[in-house]
Amino acid sequence: MEISKRIFICISLRVLQVAENGLKRAPRLWNGRFKSFAMKCGLKQSYSDPCLFLNDEKSIYLVMYVDDGIIASVDEQAVKQFLEKLKSEFSVVIGVANYFLGVQIECLEDGDIFVHQDGYCRKILKCFKMSECNSVSTPVEKCTYYH
């Protein structure tokens, strides 16, 4: 199946205020609220990964981790409709997916998507004062593409 157009939108939701139920229950309440919202929008939660919500008919895939999410779809209109519902329910910040959970996402000119952790690796090297150390070649080919 050839994908002619890729839509990747990064969503950041503000965390709900802690209600009178206390701090310990806040994550469970947030998860329940978002899950019921997603189900109202026609998304179902994956059995294998509760952070993944999907709608196979509209080819929408949403990954939510606490209050950060990313949507992938080939149907731009379906994404726009979902985002409008999302805006009406939650306070959201929407932008292009460049960075998600420590992973950098780059859309290349040919339409391919390059995912890497260059920034994270540099941060770890700096943390352990190894950013100026001599590098060694690795047994993995550079710039390997997996299809």
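Student: Is S73 buried or exposed, and what is its relative accessible area?

Tutor: This is a predicted model, in which local features need pLDDT of at least 70, side-chain atom pairs count only at pLDDT 80 or more, and totals for chains, interfaces and linings use all residues. Residues are numbered from 1 along each chain as its sequence is written, and side-chain values use heavy atoms, with hydrogens and water left out. Buried means under 20% relative accessible area, exposed over 50%, and partly exposed in between (1.4 Å probe, protein chains only). S73 is buried, its relative accessible area being 6%.

Student: Which backbone atoms does the side chain of S73 reach?

Tutor: S73 belongs to strand 5 (residues 68-73); strands (E, at least two residues) and helices (H or I, at least four) are DSSP runs numbered from the N terminus. One backbone atom that its side chain reaches, at 3.0 Å, is the nitrogen of D75. At 2.9 Å, the S73 side chain also reaches the backbone oxygen of S59.

Student: How many helices and strands does the protein have?

Tutor: From the N terminus, the elements follow the order β-α-β-β-β-β-α-β-β-β-β-α. The protein therefore has, by the DSSP definition, three helices and nine strands.

How values were computed. A polar contact is a pair of N or O atoms within 3.5 Å; within protein, one must be able to donate a hydrogen and the other to accept it, and residues adjacent in sequence count only if both atoms are side-chain atoms.
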